[in-house]
Amino acid sequence: MGTTGPSSIDINTKLQYGMKFPIFTIKDIVNTQIALIDSLKINQLFSVIGGSMGGMQVLEWASNHPTRIYSAIPIATSYRHSAQNIAFHEVGRQAIMNDPNWNKGNYYSHEQKPRHGLSVARMIAHITYLSEGAFQKKFGRDMQSKVLSWGFEADFQVESYLRHQGTSFVDRFDANSYLYITRAMDYFDLTSKYNGDLSVAFKNTKCKFLIVSFTSDWLFPSSESLAIVKALNKTASDISFVEVISDKGHDSFLLEVEGFYQILSGFISGAARKRGL
Amino acid sequence: MTNQLNESLISSLIENNAKVLDIGCGTGDLLYYLEKKKNINGQGIEISQKGVQESVSKGLSVIQGDADIDLVNFPDNAFDVVILSRTLQATHKPKEVLIEMLRIGKKCIISIPNFGYWKYRLQMLFYGIMPMTKTLSEPWYSTPNIHLCTIKDFINMCEILNISINATYRNTNYKIKKINNPNSYTNNLLSIEGIFVISKK
């Protein structure tokens, strides 16, 4: 959940920040990273690499701190959240905020946390991270037992799987942080300063790029990566792009997908050789 | 061996430090060679994931894309040289690809198999079947070469599209020969492939 967030202690009040924590942006996150490398006296990073929200940070680095990085590898990402992506996040946030135990974010000292809301948010999100094909292949209409509940128990294996995804998530994640992080992704738009013109956002970019997308990722589809490639073609050179074949959906970038690691290591080795490392 | 000859010919036609696009760059061998010989600023387009993977591993910049679809994404005169080596006959819209190439490249180097080559004519004449040789080795129902033409056909299209043919070469497997009269009967008969340097008129 990051370095500091709504679940961190405010030194002034000795209590968790909760909703007093300010809304932060992807820009803020990258600025924190810049502050770190400045303090370490690092002039230029060899590479910044990230997927999904991490990919947004990579794009922010490449657009607004072009001289500080030698290469950028944005994976399964976009230069701005689409309406559908925002919609999914909103459903997740509503699930949390409508949990009676959320208590406007003041739940840290209570015994009851907004577990149900966060669990439902996670279930929705998890569906968006998979592909329909993979879901069907993994679960189909498989049942938990031969006997239906004729009610609303987890009759189907996929239901049981999702419920498990939800409940195991709440043990390791803070509900308020989920609100803030999804908000940061929704607010991200690399073109907002440039009247929607993405190529202007990259006009000072000098780094090498490897842009990666996955065929079954419908949350951040290849069309998003191609828009970035197209914008970069106008102003920059040294761009590589690959659409990796995978049936694992948006989650592909976290999993062992054939060809994915090879292309990453190939790009990094090639860039390292060019850099003289 | 034909590849080596082609590579050194193409290299001789490119200035040092030129910005070069290789359309259909495969595993990046030509781009790699040109980077070493002429220190080019190279970019590739390649349709296969495997080709892109291998090219990127060589340290090259390659975009996975299709010549029929993705050339529109490049701005005008983006490159000093655009190379289309033995690929035009495999595209769906060769005329459009040619027009786009000339829009994005100040100079283009293009090579095509010559269907007017004497061996193909004899095969057709005597056997009455679609010619198959080492160069055109796939059977008619599975070949990627869907738009074959002769050197004369290509030159005629260049006239229609107002394209200037600045130089022509013949590859004889042993050496490369500069051809002074590209539209001659003998050139169309004797060249196994046509190699042209073209630009907008």
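Residues are numbered from 1 along each chain as its sequence is written, while chains are lettered from A and ligands numbered from 1 in the order in which they are written. Because the model is predicted, local features need pLDDT of at least 70 and side-chain atom pairs count only at pLDDT 80 or more, whereas totals for chains, interfaces and linings use all residues.

## The two chains

Helices (H or I, at least four residues) and strands (E, at least two) are DSSP runs, numbered from the N terminus. A residue is buried if 20 or more other C-beta atoms lie within 10 Å of its own, exposed if 12 or fewer, and partly exposed in between; the C-beta atoms are placed from the backbone.

| Chain | Secondary structure | C-alpha span | Buried share |
|---|---|---|---|
| chain A | 10 helices and 6 strands | about 65 × 50 × 35 Å | 38% of 277 residues |
| chain B | 8 helices and 8 strands | about 50 × 35 × 30 Å | 42% of 201 residues |

The radius of gyration is taken over C-alpha atoms, and the globule rule is 2.2 Å times the number of residues to the power 0.38. For the 277 residues of chain A, a compact globule would have a value near 19 Å; chain A has 21 Å, which agrees. For the 201 residues of chain B, the rule gives a value near 17 Å; chain B has 16 Å, which agrees.

Next come contacts along the sequence. Two residues are in contact if their C-beta atoms, placed from the backbone, lie within 7 Å. Take the contacts with a separation of 6 or more. In chain A, residues 24 or more positions apart account for 69% of them. In chain B, the share is 64%.

## Helix pairs in chain A

Two packed helices are described by the angle between their axes and the distance between the axes. Here axes are lines fitted to C-alpha atoms, for helices over the stretch in contact, and angles run from 0 to 180 degrees between N-to-C directions. Angles under 35 degrees count as roughly parallel, over 145 as roughly antiparallel, 65 to 115 as roughly perpendicular and the rest as oblique.

Helix 1 (residues 26-39) and helix 2 (residues 53-64) of chain A pack at about 70 degrees, with axes 9 Å apart. So helix 1 of chain A is roughly perpendicular to helix 2 of chain A. Helix 1 of chain A brings A:Ile26, A:Lys27, A:Ile29 and A:Val30 to the contact, and helix 2 of chain A brings A:Met56, A:Gln57, A:Glu60 and A:Trp61. By class, this contact has 5 nonpolar, 1 polar and 2 charged residues. Ala, Val, Leu, Ile, Met, Phe, Trp, Tyr, Cys and Pro count as nonpolar, Asp, Glu, Lys and Arg as charged, and the others, Gly among them, as polar.

Helix 3 (residues 83-97) and helix 7 (residues 175-187) of chain A pack at about 160 degrees, with axes 10 Å apart. So helix 3 of chain A is roughly antiparallel to helix 7 of chain A. A:Ile86, A:His89, A:Gly92, A:Arg93 and A:Ile96 of helix 3 of chain A meet residues of helix 7 of chain A, including A:Tyr178 and A:Leu179.

## Inside chain B

Helix 5 (residues 94-104) of chain B has several buried residues, among them B:Val97, B:Leu98 and B:Met101. The buried residues of helix 5 of chain B pack against helix 4 (67-70), strand 4 (79-85), strand 5 (105-113), strand 6 (163-171) and strand 8 of chain B.

B:Gly194 lies in strand 8 (residues 193-200) of chain B. B:Gly194 is buried because 28 other C-beta atoms lie within 10 Å. Leaving aside neighbours within four places in sequence, the contacts of B:Gly194 include B:Ser111, B:Ile151 and B:Thr168.

Two loop residues of chain B have a positive phi although they are not glycines. B:Asn17 has a phi of about 65 degrees and sits between helix 1 (2-12) and strand 1 (19-23) of chain B. B:Asn17 counts as exposed, with 11 C-beta neighbours inside 10 Å. B:Asn77 has a phi of about 50 degrees and sits between helix 4 and strand 4 of chain B. B:Asn77 counts as partly exposed, with 13 C-beta neighbours inside 10 Å.

## Where the chains meet

The contact between the chains takes 24 residues from chain A and 17 residues from chain B. On the side of chain B, strand 2 (41-46), helix 3 (49-57) and strand 3 (62-64) each supply at least two residues. Helix 3 of chain B gives the largest share, 5 residues. The side of chain B that touches chain A divides into 6 nonpolar, 9 polar and 2 charged residues.
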